[in-house]
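I am opening a notebook page on this structure.

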Amino acid sequence: QVQLVESGGGLVQPGGSLRLSCAASGSIYSINDMTWYRQVPGERRELVATITSSGVTNYADSVKGRFTISRDNAKNTVDLQMNSLKPEDTAVYYCNADIVLNIFSDSRDYWGQGTQVTVSS
């Protein structure tokens, strides 16, 4: 059984930094894209940043230049370094991974449980 476990959320002042981490565990053959999403209560979940297995990244316009996504393919982990945080970055952040379980299976999406990030003075 595959699990994604996030860590690193918390409370930070505007202008501060946080680093989120997500580790995938279980019987995994390979991982395609790994993505961070965020969601504010009452709003749609939005894509924050994504990284392919070869390291190509893409960011939401709202976080470009402030957030950096990275991954370690050997450890099946993905991180999100968040700098210059703003109150509008407050949300629950979710890790998502497109995972292949074995050479005979198609990939499917897995989600973490979410971690709260609050930016407030």
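Where is Ile-103 found? I looked it up in this predicted model. Ile-103 is in the loop between β9 (91-100) and β10.

**Entry: surface.** I checked the cover on Ile-103 next. Its relative accessible area is 57%, over the 50% cut-off, so I note Ile-103 as exposed. Tyr-29, Ile-103 and Phe-104 make a nonpolar surface patch of about 430 Å².

**Entry: rings.** I searched the whole structure for aromatic pairs and got 1. The partners are Tyr-37 and Trp-111, with 5.0 Å centre to centre. I read 50 degrees between the planes, and the pair is tilted. Tyr-37 belongs to strand β4 (residues 30-39) and Trp-111 to strand β10 (residues 108-111), so the pair ties together parts that are 74 residues apart in sequence. Trp-111 has 37% relative accessibility and counts as partly exposed.

**Entry: charges over rings.** I stayed with Trp-111. The charged end of Arg-45 sits over its ring, 4.7 Å from the centre. I also found Arg-108 over the face of Tyr-110, at 4.0 Å from the ring centre.

**Entry: core.** Which residues have the most contacts inside the largest nonpolar core? I list Trp-36, Leu-80, Met-82 and Tyr-93, in a core of 30 residues. Elements giving two or more residues to this core include β3 (18-25), β5 (46-51) and β11 (115-119). I also note β4, β7 (67-72), β8 (77-82) and β9 among them. β9 gives the most, with 5 residues. For context, nonpolar side chains tend to be buried together in soluble globular proteins.

Conventions: Residues numbered from 1 in each chain as written. Predicted model: local features only at pLDDT ≥ 70, side-chain atom pairs only at ≥ 80, totals over all residues. Heavy atoms only, no water. Phe/Tyr/Trp six-rings, centres within 6.5 Å; stacked < 30°, edge-to-face > 60°. Helix = DSSP H or I, 4+ residues; strand = E, 2+ residues; numbered from the N terminus. Buried < 20%, exposed > 50% of the residue type's maximum accessible area, 1.4 Å probe, protein only. Lys NZ or Arg CZ within 6 Å of the ring centre and 35° of its normal. Patch = residues over 30% accessible without salt bridge, like charges linked within 9 Å, V, L, I, M, F, W, Y side chains within 5 Å. Areas by Shrake-Rupley, 256 points an atom, 1.4 Å probe, with all protein chains shown as cover. Salt bridge = Lys/Arg side-chain N within 4 Å of Asp/Glu carboxyl O. Core = buried A, V, L, I, M, F, W, Y, C linked by side-chain atoms within 4.5 Å.
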